[in-house]
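Me: Could you take a close look at one buried spot in this model and walk me through what surrounds it? I'd enjoy one connected answer.

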Amino acid sequence: MGPLVELRYPTVGELVSAARALADASPGLCVLRQVGVSRAGRPLHLLSVGHARRAVLVVAGAHANEPAGGGTLLALARRTVRERELRDGTSWHFLLCADPDGASLHVTPAPRSLYDYHLGFFRPAGPDQPEWAPSVLPPDRLPPETRALTGVIDEVRPYLQVSLHGTDLGGSWVQLTRDVPGLAEPFAKSAAQLHIPVETGASDAAGWPASGPGVHVMPAPEAAPAYPSLTDDARHSTWYHAHRYGGLTAVIEVPMWASDLVDDPAPHPDPDAAMRRLADRLLRDAGEVRRVLEEARPRHEEADGPLLRAAAWGLELVPGLAADLVRVPPADGTRAYVGSVDAFARRVPLRAAAMSWRALRGSDAGAAARLEALVARWSAAFAGRFRARWVPVDHQVEHQSRTVLVAARQAREQAR
């Protein structure tokens, strides 16, 4: 895909401008159109390249705090315009940003550290996330972003939907709604070439079958969840909407900061004891954030805003999640899995503290100072524990792009 140069994450406005330029330069090949509006009235744009009936849909920006996908989407769009063979029997459709409202609130396009990243952090509550909303809300309450996304799936009927995701710190992994034979080996090769660890025990895929290291296939509906207290279920997300047309979804995760601790397949010496320690720390850290918020007594309009609503939603998950870590046998006894759960358990209170700080810094200086101190301390501890090293943005984009192209090729062969 050409020489690698350090980039920064594009904004939604930059993505739209770049997509418009592609459409203007190739009007017979590309179409840019609006396919919906967000809750706040922001447009959702779809760029289509090619006219073949068989389609690939690429979705970026489903989580505002995972910005690599926008750069990957743009790189892929430019490549599908440039390389005719990618359009041989396949049209490509790119949803530029599934959650433009969320993207407007996450404000670290070029973070210098985990602390810097969290000072601009936003990730909406589960019911407000376009892909996850169907797993926690009835159909008549789905947000317009979800309806726009499922409407695009209904229209283009993709044999492959790719959802571009990312993690703040860890490794790369893939989640599939149905297996794609032949994906695991090139995925691992790409990661190795770009010095990105493969997260072999991702907590997001706990208990799922693996078709290769870091490539996880979502379990059958009757499979028991690894964390029973979490109400959201991937099997009810928009990822499965493509199945009604014979398609499947690949969710491709790439890290901003890498840690070589998440690809260690060696058995952990005592995973049960480790889970107990992680549960205790999760409860303790969440309690610190909760006490600050209770003492601050934010005004009603602040409590109802997206930052504090998302923080409160995360904190509400903590008691059940901590209990799951203790009650449920670990889904995987490897060091990689324990490390992934360690990272997950750090994120929940850290993100709650960061969003609460952003919400209160203009109205309660004392509470904001305490919250910022927590963000600084926990960010440093997170980075230190996992020996975080920055993954250049162009490497993140290159790895995701390679994985998308392999998945599209292999899924097309499978669909024949």
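Reply: Happy to! Ala234 is buried, with a relative accessible area of 8%; buried means under 20% relative accessible area, exposed over 50% and partly exposed in between, using a 1.4 Å probe and protein chains only. Bear in mind that this is a predicted model, where local features need pLDDT of at least 70, side-chain atom pairs count only at pLDDT 80 or more, and totals for chains, interfaces and linings use all residues. Residues are numbered from 1 along each chain as its sequence is written, and side-chain values use heavy atoms, leaving out hydrogens and water.

Ala234 sits in the loop between strand S8 (215-217) and strand S9 (248-258); helices (H or I, at least four residues) and strands (E, at least two) are DSSP runs, numbered from the N terminus. Setting aside neighbours within four places in sequence, Ala234 is in contact (heavy atoms within 4.5 Å) with Trp132, Trp208, Met218, Trp239 and Tyr240.

For a sense of distance, Ala234 and Ala75 are 27 Å apart in space, C-alpha to C-alpha, and 159 residues apart in sequence.

Now to helix H2 (residues 68-82): its 15 residues reach 22 Å from first C-alpha to last, close to the 21 Å expected at 1.5 Å a residue, where the expected span is 1.5 Å times one less than the number of residues. Of the 15 residues of H2, 13 are buried, so the helix is largely enclosed by the rest of the structure.
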